[in-house]
Structures are given as structure tokens and as C-alpha cells.
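Please read it alongside the sequence and the model.

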Amino acid sequence: MTYHPKSDFMQVMIERGFLADCTDYQALDDALIAGVVPGYIGFDATAKSLHVGSLIQIMMLRWLQKTGHKPITLMGGGTTKVGDPSFRADERPLLTEEQINDNISGIKQVFAKYIQYGDGETDALMLNNAEWLDDLNYLEFLRDIGRHFSVNRMLSFESVKSRLDREQSLSFLEFNYMILQAYDFLELNRRYGCLVQFGGSDQWGNIVNGIDLTRRVIDQQIFGMTSPLLTTSDGKKMGKSADGAVWLNADMRSPYEFWQFWRNTTDADVGRFLKLYTELPLEECERLGALAGQEINDAKIILANEVTTLCHGADAAATAEATAREVFEKGGVGADLPTLSLTKEDIGDGISVVQLIVKSGLAKSGKEAKRLIAENGAKLDDQPLTEVKIFDAAALASPIKLSAGKKRHALVQLSD
């Protein structure tokens, strides 16, 4: 990147590693200097929460607002009914309207932690594309919008091409998705003066479609900016962990587990993640990322605290760190550990430690739990677990601590 930006926002995007590509650096930079720029990201409501993989885009919107501009969070109440085919091997399962609305309610909770909504000039807007998609007249839409799209060009997009090259089915329903996303950008410009769309680099084709459509229909210049598709230094997709997606909602991933995910960052990723996911000064991010040996672990704790504070609040971050110290340094149980509560009815005549390991989320199956025990990877109250024990209600009268490896722990207790 040789472009030297003048606007604060572009400077942050480039210096902190958010920027993969932009349709017109100079013109967007000029617009950002000239006045308040509304910019949006669309999020389809396919789950009740967003996960860590979406956090880079959320942070882009947060920085947009912090540098004096207007974020728009667009909920895909309409497009979720179709499903984005981008880089998937199969069609997304179709959700009911009730499921979609339920998911939107959960996702809204995430944004409120990062972005300020309201009626002010730089206050964010929360919109739903069902507002204009639900009532579209199909014939009018084909005539007014569909005529601007070249099927030849759409077939050349990587997200479509990769499916066709693998001879995997791509339904007409999904093929329409990119037209609807382009139409979103046109409507956001018409209704709210939106000038820029952000997204992951896999969305480049869809973003460019919206820019072309808006130029053709209303002769307006708008912009697109993409962030890199993040993988960790060991090649894993960002947002996934050994036990599934790292959700941003506390009821789907506890603040302690969220904190622990960041604490377990590999050494090589610490500096990069500090720049992307915290607001620490650049020099401090670089200093912490360059630490080695035991000191890099202190940097990981700072990373975990900063990211958890933004997502769950300073108290949750402090509690998570205290729990981690109790568990790892003192061998204690820690009040904030993930907890499995069982009734006497759940236990019945007895429950095996294999079942407890699976129920507490430390293993995905009984087979995996047995292998963990056989390979000396399981601990019971910090002591190696070498056999399959059976617990009755009396044995669980006091909480027990189960561990899988050195970093994953859970409490098992008897509920009232």
C-alpha cells in the first residue's frame, strides 16, 4: 500500500491492517475529509449472534464513528430468506421469518456494545433490508434492476465460479442474492446518502455490483472497501476454536471462554490482533507484539482484557482474568469457569466421567472423551484422570473440576 491518506479514517484502516482493497482510494479519502460519510456493512441473520470472524468488520464501523462518520448496520431480514452462496459448498438452509427476527434481536445486542445509535449526525443507524425488499414487485424489479446485470460477468465471480468448477449445485434463488445485495447499496444511497460499503474480501464482487448499479440507475459515485479474510498464523479460520464458533453474545459463549480464546492466541498473531481488535496506540501494539518468551504471555493477557472489555465490559474482563489466575497459577476452581449443573434425576444411579466430559463441552463425543483419558489429557481436580469413574449424587455434593489439556476447564456441580 503506497497511498498516503489524508483522512483519519483511511489512516487508521491502513496503519492498523484493516484494508485489503478499495475501489477509489483518492476519491473516498477526499469525501471523508469533505464531510460526514455514512458507511454500511450488511449482516445476514443466520444465527442468534455474530462470532469473532465478524469482529474485524464491527471494528471498522467503530473506527468510522470514532473518526467522525456515520455507521449503518444493515440487518439482512430480506436477504437471509435467500442465502448468500459466497464460497459455500452447498445452499444455506432456509429460515422462517420468526427465526430470522429472533436472530436479528440477538445480533442487535452485539452492535450496541461497539457503536452508539441515535439521531445525531454521526450516530449509527440500525436498518433492515426487509424494509425495501419485502414489497418488491418482481416484474418491475426485473425490468428496472435486472437489465443492468450481465450473467456472463456474474458467472465470472469467484464465489460462483468455485461452485460451478466443483460441479456443485447453485440454485437460481442463490444466484439472485448478488442482485439483491447490489440493490441494497442503491437503496441505502437513495434513502440515507450512504457512500461506502465495507465487507470481507470475499464480498468484493457483490460490492462492485452495487457500485455499478448505483452509477447506472441514479448516476451516483459510491465506494467499496474490503478487509482481509483473516486466518490465524497456523492457517485456521478466524472465529473458530477447538469447541466451535467463538460467539460474541454472552449467552452463547461465556465471557470467561471468550477471554480464554484471546489469551490462547499464538505468539505470532499477538501484534496483529492488538492492532485490529483493540484501540491501544499503534506503538504499544507493536511493542507488545515484539515481546518474546514469558513476556509475550503478558501481552496476550492485555489482548484478552482489551477485547473482552469492548465486548463484555471491564468487570467481565477483570473477573475472567482473576478466574484464569486462580485456575492456572493457584490450581483453584475459579468462580467464573464454565459450569455444568446436574440434578439428582440427571445423575440417576450414577453418571460416568466420560458423560460429564461430553456434557461440559470438553469433548464432542464419548469416543473423544475416552481417548482424552487414555492419552492422559484429562484431569479431575487437577489430578490425572486415568480411569473411567462413575459418580453418584453424593460424590458431586461438592463441585468437581474437569480439565482437557492445560487450557480448557469446567466445573460440574449438583444443582438444588
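This is a predicted model: local features need pLDDT of at least 70, side-chain atom pairs count only at pLDDT 80 or more; totals for chains, interfaces and linings use all residues.

Helices are taken here as DSSP runs of H or I with at least four residues, numbered from the N terminus.

**Helix H10**
- H10 has 16 residues and spans 22 Å from its first C-alpha to its last, which is close to the 22 Å expected at 1.5 Å a residue.
- Because 13 of the 16 residues of H10 are buried, the helix is largely enclosed by the rest of the structure.
- Just after H10, glycine 193 adopts a positive phi of about 65°.

**Packing of H10 against H11**
- The axes of H10 (residues 177-192) and H11 (residues 204-218) come within 8 Å and cross at roughly 55°, and the two helices are therefore oblique to each other.
- The crossing of H10 and H11 is right-handed.
- On the H10 side the contact includes Tyr177, Phe185, Leu186 and Asn189, while the residues met in H11 include Ile207, Leu213, Thr214 and Ile218.
- By class, the contact of H10 with H11 comprises eleven nonpolar, six polar and one charged residues.

**Asparagine 189**
- With a relative accessibility of 9%, asparagine 189 counts as buried, since the cut-off for that class is under 20%.
- Leaving aside residues up to four places away in sequence, asparagine 189 touches Cys194, Leu195, Thr214, Ile218, Gln220 and Ile222; Thr214 and Ile218 are also among the H11 residues in the contact between the helices.

How values were computed. Residues are numbered from 1 along each chain as its sequence is written. Side-chain values use heavy atoms; hydrogens and water are left out. Axes are lines fitted to C-alpha atoms, for helices over the stretch in contact, and angles run from 0 to 180 degrees between N-to-C directions. Angles under 35 degrees count as roughly parallel, over 145 as roughly antiparallel, 65 to 115 as roughly perpendicular and the rest as oblique. A crossing is left-handed if the near helix is turned anticlockwise from the far one by less than a right angle, and right-handed if clockwise. Contact means heavy atoms within 4.5 Å. Ala, Val, Leu, Ile, Met, Phe, Trp, Tyr, Cys and Pro count as nonpolar, Asp, Glu, Lys and Arg as charged, and the others, Gly among them, as polar. The expected span of a helix is 1.5 Å times one less than its number of residues. Buried means under 20% relative accessible area, exposed over 50%, partly exposed in between (1.4 Å probe, protein chains only).
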